[in-house]
Amino acid sequence: MFRLRLPQAVYVLSACVCLILAYGEDDIEVNFADTYYNEIIDGDTPEPTPSPAPCNSQELTKWDKLFSMLENSQMRENMLLQYADDIIKVEMGSLRGELLRFIAQYGGSCGAAVETAGRRMAMQLESRLRETLERFVLRDQSSAVAAGNSVENSNLELMLHQLLVAARTQATRLGKLESSCFSSPGAGTGKTGSQLPEGGGAGNREQEVTSREVALDGVLAALQQTKVGLEEVLRSSRQRYLPAGCEMALLFPMQSRRIYTSVIPDVPLSLSSFTVCMWVKPSIVSNKTVLFSYGNRRNPYEIQLLLAQTSVLLTIGGEAHLVGARGVVKPGGTTEWIHLCGAWSSEQGLASLWAGGKKVATTPGVAEGHILPDGGSLQLGQERNGCCPLSPGNESGVSGFEAGFNPKLAFAGKMTGVNMWDRVLSEEELSQLALPEGQGCQQRGNIVAWGVTEMVPHGGAQFIN
């Protein structure tokens with residue numbers, strides 16, 4: 001069978017070889033003659049679809065660019081703010097954790113230290129209040145004996161007693177707080193927060209510290225209120241009492257040509273040097289207000305101690321020889337006592353002004369070689385300037401003077417501690433005289449001595465306690 005099929009296979013194989021050779025020699029031709037499916041009828045010719053015009057971007061104006069920049073900056077700002085907010089939240093969380101650990105570890109010891117310091121402050125305040133009360137009680141007793149002002153003194157003593165009771169109450173409250181701090185666990189010892197129980201230990205410690213802070217704030221507010229009350233009492237006492245241990249003062253109730261005080265010294269005023277000091281509390285200060293004036297018929301301006309608005313002035317031998325200092329007095333007057341001194345030496349002509357125990361002005365060559373003449377008149381609160389001649393029917397003049405006084409130059413207020421020496425006092429002496437709580441009125445001058453030398457008030461001027 002195999003032999004019979006072999007010739008058939010050879011025949012088929014040869015036929016296939018012939019076909020392959022035939023197709024390899026000739027190119028394959030494709031016939032497109034049949035155009036039935038690609039034929040286009042003239043009546044059905046479709047219209048071409050218009051293509052869209054290309055997008056032509058308009059040129060941006062400067063406002064469009066500005067708005068774009070603003071939008072971009074706003075977006076960046078929002079991003080930065082969000083980033084900063086996230087950072088702050090994280091940092092605040094970590095800081096809160098650190099604070100809680102610090103409070104848990106050192107809350108007791110810090111609270112004890114704060115309580116101890118507060119108690120010491122209260123004790124110091126109480127001691128100062130007690131000393132002030134004792135000092136005012138002694139002064140009140142002496143004033144009551146001299147003037148009989150028992151009602152005002154009892155009111156002041158009552159106010160100070162109330163302040164002292166309030167200070168003692170605050171000291172008691174501070175003591176209770178301190179004892180509670182020391183009795184709390186870990187206060188004043190070496191225990192740390194690691195020994196506290198987990199979970200609620202830090203929260204309880206935080207609440208305890210918060211309550212103590214609230215209590216301390218209340219104590220601090222009460223102490224501040226007590227301090228304000230004490231300052232008010234001291235301010236009123238300064239206004240009521242005289243400075244430097246003085247027991248009386250001269251009152252010049254208003255500016256008037258009639259109101260002044262004449263001074264009659266026991267020794268002549270033929271001087272080559274001097275120092276004049278006084279305490280004053282002016283009610284009003286004009287362009288020229290006379291405090292101390294000495295002169296004669298030939299020259300009424302031999303010595304003048306003046307106020308001019310906020311300045312203090314000293315003249316020797318005439319208004320041409322002048323030394324002044326500004327910013328010494330408050331404009332319009334003051335409610336506190338001011339200590340003023342004027343000194344001069346003929347040897348070098350050195351003149352100086354002192355306010356509150358401090359040198360405020362010094363000028364050399366002022367009336368150098370000049371000698372003050374004797375036989376003049378000395379006044380407080382006015383000057384004998386011959387400005388206002390008297391008419392025969394005018395009764396407003398002062399007897400014994402050929403000319404009147406100028407009311408615009410008159411001093412209005414209080415004056416005390418007027419003293420005059422025939423030498424220039426040292427800086428230490430002038431500083432001691434200017435101490436409000438000192439005894440400056442006990443250091444009297446050898447030319448004019450307060451409380452010893454004769455002083456005659458005129459018009460409405462009078463001595464007060």
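**View 1. The second largest pocket of this predicted model is lined by 16 residues.** Here a pocket is an open set of points on a 1 Å grid over the protein atoms alone, with protein on both sides within 12 Å along at least five of seven lines, and lining residues have an atom within 4 Å of a point. Leu125, Arg128, Lys227, Leu230 and Glu231 are the lining residues that lie nearest the centre of the second largest pocket. Its volume is about 420 Å³, where a volume is the space filled by probe spheres set on the points, and points are joined across faces, edges and corners. Helix H2 and helix H4 (200-240) each supply at least two lining residues, and H2 gives the most, with nine. By residue type, the lining of this pocket divides into eight nonpolar, three polar and five charged. In this grouping Ala, Val, Leu, Ile, Met, Phe, Trp, Tyr, Cys and Pro count as nonpolar, Asp, Glu, Lys and Arg as charged, and the others, Gly among them, as polar.

**View 2. Welcome to the whole protein, with five helices and 16 strands.** Helices (H or I, at least four residues) and strands (E, at least two) are DSSP runs, numbered from the N terminus. Residues are numbered from 1 along each chain as its sequence is written, side-chain values use heavy atoms, and hydrogens and water are left out. This is a predicted model, in which local features need pLDDT of at least 70 and side-chain atom pairs count only at pLDDT 80 or more, while totals for chains, interfaces and linings use all residues. Of the 465 residues of the protein, 37% count as buried; buried means under 20% relative accessible area, exposed over 50%, and partly exposed in between (1.4 Å probe, protein chains only). Among contacts (heavy atoms within 4.5 Å) between residues at least 6 apart in sequence, 73% join residues at least 24 apart.

**View 3. The largest cavity holds about 40 Å³ of space.** A cavity is a set of grid points where a 1.4 Å probe fits but cannot get out, and the count comes to one cavity of 30 Å³ or more. Its lining is made up of Cys277, Trp279, His339, Gly417, Asn419, Trp421, Leu433, Gly440 and Cys441. Strand S3 (273-284) and strand S14 (412-421) each supply at least two of the lining residues, and S14 gives the most, with three. The lining of the largest cavity has five nonpolar residues, four polar and no charged.

View 4. A salt bridge is a side-chain nitrogen of Lys or Arg within 4 Å of a carboxyl oxygen of Asp or Glu, and the structure holds three.

**View 5. Glu383 and Lys288 form a salt bridge with an N to O distance of 3.5 Å.** This pair links distant parts of the chain, 95 residues apart. Glu383 lies in the loop between strand S11 (377-380) and strand S12 (388-389), and Lys288 in the loop between S3 and strand S4 (289-295). Glu383 is buried, with a relative accessible area of 2%.

**View 6. The side chains of Arg423 and Glu429 meet in a salt bridge.** Their N to O distance is 3.3 Å. Arg423 is partly exposed at 37% relative accessibility, and Glu429 is partly exposed at 28%.

**View 7. Ala244 and Ala367 each have a positive phi.** Phi is near 55 degrees for Ala244, a residue other than glycine, and near 50 degrees for Ala367. Ala244 lies in the loop between H4 and strand S1 (249-252) and is buried, at 0% relative accessible area. Ala367 is found in the loop between strand S10 (358-363) and S11, and counts as buried at 7%.

**View 8. Over residues 185-199 the pLDDT is below 50.** The pLDDT is the predictor's confidence in each residue, from 0 to 100. The protein averages 77, and 66% of the residues score at least 70. Where pLDDT is low, the predicted coordinates should not be read in detail.
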